Amino acid sequence: MPVTQFVLLSAFLFCTGVYGVLARRNGVLVLMSIELMLNAVNINLVAFSARLNDAAGQVFALFVIAIAAAEVGVGLAIVLLIYRNRVGVNLDEIDLMKG
Amino acid sequence: MPVILAEYAGQNVAFWIIALTMAAAAIGVVTMKNIVHAALALVVVLAGVAAQYVLLQAEFLGIVQVLIYIGAVIVLFLFGIMLTRAPMRKSAEYDNDQRVLAGLVAVLIFGVLAYLLADEFGFSGPEADKLHLTTPTQTTAIADSIFRTYVVAFEAVSLLLLAALIGAIVLARRD
């Protein structure tokens, strides 16, 4: 089975995530797009783990999954805090540090 | 190349069915007007990723993907949607006004990436392109790798998870 199709799928998912991060303004939706990008990276890691016949890629994918879970927890806590202190979670309205 | 295709015909058909479903769902995640529907489309993408892991004979990772992503992360997202009182109906206010620019950037990145990847793996002969799917990866091999080669990284990740747990509680606590 060719490895190209897996890396192409992963590239497509990554670019969809990039589009989501750039075009969405709701904080939760931006976090979802970041999950898309992290999963794209994981597909790459597992595909090359199978390509090189080495379990190290899968270990790194496990690390990425763990760190993504931590990131979602902290990210949603921050979004919740922003929602509580300001009225909404629209990211383009958060301009406290704008000069 | 035809030999490889014939050798893994079933896996190839499965790959393309799952991949096209994932691509459609991923586009849904970033374009849907209803935030709950976007979260549910994300479930389809994550389940597709788990299915691709199974195709790549990484069964343990497939199970971990289902448990952590579909089981925990999506539930967290749905809680986040509810707690920020996002409108649960169709709403045009989830996108900002730079959609065209963002689409252009995404298409450009995909073009460059796809060209480079196809150049490196696709056209340089079937040998560089071949996956060796002979025996499934044993979970014991992953465990050996984690607790022998990458044990320091494992400890660092466990510390990071603890820090993230405490950080999330401190941030979200009402006082």
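Student: How many C-beta neighbours does Asn53(A) have inside 10 Å?
Tutor: Asn53(A) has 13 C-beta neighbours inside 10 Å, so it counts as partly exposed. A residue is buried with 20 or more other C-beta atoms within 10 Å of its own, exposed with 12 or fewer, and partly exposed in between, the C-beta atoms being placed from the backbone. This is a predicted model, in which local features need pLDDT of at least 70 and side-chain atom pairs count only at pLDDT 80 or more, while totals for chains, interfaces and linings use all residues. Residues are numbered from 1 along each chain as its sequence is written, and chains are lettered from A and ligands numbered from 1 in the order in which they are written.

Student: Where is Asn53(A) placed?
Tutor: Asn53(A) sits in the loop between α2 and α3 of chain A. Helices (H or I, at least four residues) and strands (E, at least two) are DSSP runs, numbered from the N terminus. Asn53(A) follows α2(A) and has a positive phi, near 55°, although Asn53(A) is not a glycine.

Student: And what is the phi of Gln57(B)?
Tutor: Phi of Gln57(B) is near 60°, again a positive value in a residue other than glycine. Gln57(B) belongs to the loop between α3 and α4 of chain B. With 19 other C-beta atoms within 10 Å, Gln57(B) is partly exposed.

Student: Back to α2(A): how many residues does it have?
Tutor: α2(A) has 26 residues and spans 38 Å from its first C-alpha to its last, close to the 38 Å expected. The expected span is 1.5 Å times one less than the number of residues. Of the 26 residues of α2(A), 20 are buried, so this helix is largely enclosed by the rest of the structure.

Student: Why is α1(A) described as largely enclosed?
Tutor: In α1(A), 16 of the 20 residues are buried, so the rest of the structure largely encloses it. α1(A) reaches 28 Å, close to the 28 Å expected.

Student: Which residues touch the most other members of the largest nonpolar core?
Tutor: They are Val28(A), Met32(A), Val46(A), Val29(B) and Val45(B), in a core of 69 residues. Such a core is a set of buried Ala, Val, Leu, Ile, Met, Phe, Trp, Tyr and Cys residues joined through C-beta atoms within 7 Å. Beyond its neighbours within four places in sequence, Met32(A) is in contact with residues including Gly20(A), Val29(B) and Phe77(B).

Student: How confident is the prediction for chain B, then?
Tutor: Chain B averages a pLDDT of 86, and 91% of the residues score at least 70. pLDDT is the predictor's confidence in each residue, from 0 to 100. The model scores ipTM 0.91 and pTM 0.89.

Methods:
Two residues are in contact if their C-beta atoms, placed from the backbone, lie within 7 Å.
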